[in-house]
Every structure is written in structure tokens, then in C-alpha cells.
Amino acid sequence: MPFRAIMIITLVLILASSLAADDIHTASDAGDSVAVMTILGRQPDALNARDSLGMTPLNLAAFRGNVGLAALLLDRGADARIGDKDSS
């Protein structure tokens, strides 16, 4: 099997396993931009979804200092005015 095919299969398996829980908050917290964008492609309403602490994917990206992911989420229309349960 050619090297390129092996790499593609590996990437698909990694992506599938990271999306198994289909959890945009876990992906955002981990800084996994590919998983976040894939989830949003399937579930656009997840963009401003809150987790159990009231955090949105954008809140988590900002909390972790992931400027790149935060910018991607803002470009997709994430609402920067939504705070967590404590409105922080």
C-alpha cells in the first residue's frame, strides 16, 4: 500500500476517534481545530453551545489561550458576548 494511502487512512482513523464522543467542548478545550470545524460542519448549532459550566467553544479556546481556534470560531460567527455561568 502506498505511503500516501496509509497516511490518509491514519488521519481518518485519528479524526474518527477524536469525534467519537462528538464533543465540541472537549475538542475546543484540547485546541483541536480540525475536530471543532468538522463538528461544526455537521452540527452548526454547536457553535455557541454551553457545556455543564456554561462555557462555549469560544470561551474554552480563549481560556486555553488558543488564539487561532478563537479566531476560527469568531470567523464562523461565535458570539463573544456569551460568558460562562458566572458571566466571566
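Biologist: Before we start, what should I know about the numbering and the pLDDT limits?

Modeller: Residues are numbered from 1 along each chain as its sequence is written. This is a predicted model, in which local features need pLDDT of at least 70, side-chain atom pairs count only at pLDDT 80 or more, totals for chains, interfaces and linings use all residues, and side-chain values use heavy atoms, with hydrogens and water left out.

Biologist: Thanks! Which pattern does the chain follow along the sequence?

Modeller: Helices (H or I, at least four residues) and strands (E, at least two) are DSSP runs, numbered from the N terminus. The chain has 5 helices and 0 strands. Read along the sequence, the pattern is α-α-α-α-α.

Biologist: What percentage of the residues count as buried?

Modeller: Buried means under 20% relative accessible area, exposed over 50%, and partly exposed in between, with a 1.4 Å probe and protein chains only. Of the 88 residues of the chain, the buried share is 31%.

Biologist: Which residues does I24 contact, beyond its neighbours in sequence?

Modeller: Contact means heavy atoms within 4.5 Å. Leaving aside neighbours within four places in sequence, the partners of I24 are V36, I39, L40, A46 and P57.

Biologist: How are α3 and α5 arranged: roughly parallel or roughly antiparallel?

Modeller: Axes are lines fitted to C-alpha atoms, for helices over the stretch in contact, with angles from 0 to 180 degrees between N-to-C directions. The axes of α3 and α5 come within 10 Å and cross at roughly 15 degrees. Angles under 35 degrees count as roughly parallel, over 145 as roughly antiparallel, 65 to 115 as roughly perpendicular and the rest as oblique. The crossing angle therefore makes α3 and α5 roughly parallel.

Biologist: Which residues of α5 meet α3?

Modeller: From α3, the residues taking part are S33, V36, M37 and L40. Their counterparts in α5 are L69, L72 and L73.

Biologist: Is A35 buried or exposed?

Modeller: A35 is found in helix α3. Its C-alpha atom is separated by 7.6 Å from that of I24, 11 residues apart along the chain. Because its relative accessibility is 1%, A35 counts as buried.

Biologist: Which residues does T56 touch outside its sequence neighbourhood?

Modeller: T56 sits in the loop between α3 and α4. At 0% relative accessibility, T56 counts as buried. Not counting residues up to four places away in sequence, T56 touches H25, N48, A49, R50 and I82.

Biologist: And how far apart in space are I82 and N59, C-alpha to C-alpha?

Modeller: I82 is in the segment after α5, and at 17% relative accessibility I82 counts as buried. Beyond four places in sequence, I82 touches N48, R50, T56 and N59. I82 and N59 are 23 residues apart in sequence, and their C-alpha separation is 8.1 Å.

Biologist: Last one: which residues does A70 touch?

Modeller: A70 lies in helix α5 and counts as buried at 11% relative accessibility. Not counting residues up to four places away in sequence, A70 touches L58 and A61.
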